[in-house]
Amino acid sequence: MKISDPHLHLFDLVKGEYQWLKPEYPPFWSDKSKINRDFSEQDLIVFEQFELSSFVHIEAGFNNEHPSQEVEWLEKNVTKPFKSIATANLLLEPEKFKSQISELKLYSSVIGVRHILDENAVAILNSANCLGNLSYLESQNLIFELQANLSDILIVNSITKSLSSLPLGNIKIVINHAGFPPSDPNHNEDEWANWLAGIKRLSAFSNVSIKCSGWEMSNRNYTLAAMELKIKSVINVFGIERVMMASNFPLCTFSKSYAEYWQDIVLVLNNLNIPQAHQQKLLHDNAVAFYFK
């Protein structure tokens with residue numbers, strides 16, 4: 001079975017900055033040292049029944065002031081087919097933002113950008129420059145990777161307002177980490193209801209897709225049953241065609257190896273009685289169609 005992993009990170013601690021990996025900077029995870037090392041494509045090992053045919057590299061804080069440096073490093077060091085999502089700052093003045101995007105587009109692997117919204121989502125989305133910069137991404141046919149907690153009603157309101165205000169209304173948006181569903185739906189019923197309502201609101205925009213990954217971000221000891229419920233909910237809302245399975249490597253290794261992660265994803269898809277043809281879409285075909293064509 002083929003896999004195209006649409007969300008992973010590689011590190012070179014000598015050449016990149018990666019402030020977030022250093023102990024004195026947030027996030028202050030007690031186990032952060034586990035991933036504070038180099039990771040290359042040689043670490044992307046899967047079990048023999050799988051083939052990792054391609055992947056999408058998501059910016060990892062290599063140099064946030066000069067995003068092209070990370071892309072240049074990737075294109076010099078990666079041999080497997082891949083695409084790049086570079087970092088970008090939606091708060092920049094329009095001319096500086098356009099200049100940065102023009103520089104990124106000189107690299108053949110660049111397919112889009114990410115500005116991590118997280119807890120600052122409302123302020124960023126309502127800032128003076130954000131909408132214009134998103135519109136420029138739209139005009140350049142670049143993807144925007146949306147990372148925010150969709151259990152937060154105010155954040156979802158800001159996202160839907162921004163999407164409704166874009167001139168063309170067809171910018172390709174992909175939600176990262178399934179919009180951070182609560183780690184335990186049974187003990188967070190209100191948060192679960194808000195998350196489900198949030199992804200339903202965003203699914204109404206045909207240009208929005210979603211990636212399922214990042215379970216370890218909220219619970220290092222997440223269960224297959226919890227992952228199964230979240231994936232089932234995402235598929236029920238977005239349908240097979242707009243959902244992609246992803247890893248968030250190397251952060252997924254907080255909980256299990258890369259190979260074990262993909263084995264568990266397939267186990268979950270089998271438990272959900274998803275046909276093989278649809279599994280191949282979720283594991284490979286949708287990501288290839290979204291990022292590589």
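This is a predicted model: local features need pLDDT of at least 70, side-chain atom pairs count only at pLDDT 80 or more; totals for chains, interfaces and linings use all residues.
Residues are numbered from 1 along each chain as its sequence is written, and side-chain values use heavy atoms, with hydrogens and water left out.

**Cavities**

- A cavity is a set of points, on a 1 Å grid over the protein atoms alone, where a 1.4 Å probe fits but cannot get out; lining residues have an atom within 4 Å of a point.
- The lining of the largest cavity consists of Leu-125, Leu-134, Phe-144, Leu-146, Ile-159, Ser-162, Leu-163, Leu-166, Ile-171 and Ile-173.
- Strand S5 (143-146) and helix H5 (153-165) are the elements that give two or more residues to this lining, and H5 supplies the largest share, 3 residues.
- Helices (H or I, at least four residues) and strands (E, at least two) are DSSP runs, numbered from the N terminus.
- In the largest cavity the lining divides into 9 nonpolar residues, 1 polar and no charged.
- His-177, Phe-180, Pro-181, Ser-213, Gly-214, Trp-215, Ser-218 and Lys-230 line the second largest cavity, with 3 nonpolar, 4 polar and 1 charged among them.
- Nonpolar covers Ala, Val, Leu, Ile, Met, Phe, Trp, Tyr, Cys and Pro, charged covers Asp, Glu, Lys and Arg, and the others, Gly among them, count as polar.

- Strand S7 (residues 208-212) is largely enclosed by the rest of the structure, because 5 of its 5 residues are buried (under 20% relative accessible area, 1.4 Å probe, protein chains only).
- Val-208, Ile-210 and Cys-212 point one way from S7, and Ser-209 and Lys-211 point the other way.
- Strand S6 (residues 173-175) runs parallel to S7 and is joined to it by 3 bridges; strands pair if DSSP finds at least two bridges between them.
- Val-174 stands opposite Ser-209 in S7.
- From S6 the chain passes through helix H6 (residues 189-203) to S7 in a right-handed β-α-β crossover, meaning that, with the strands pointing away from the viewer, the path from the first strand over the helix to the second runs clockwise.
- Strand S8 (residues 243-245) also pairs with S7 in the parallel sense, over 3 bridges, and Met-245 in S8 is the bridge partner of Cys-212.

Notes:
Buried means under 20% relative accessible area, exposed over 50%, partly exposed in between (1.4 Å probe, protein chains only). On a 1 Å grid over the protein atoms alone, a cavity is a set of points where a 1.4 Å probe fits but cannot get out, and a pocket is an open set with protein on both sides within 12 Å along at least five of seven lines; lining residues have an atom within 4 Å of a point.
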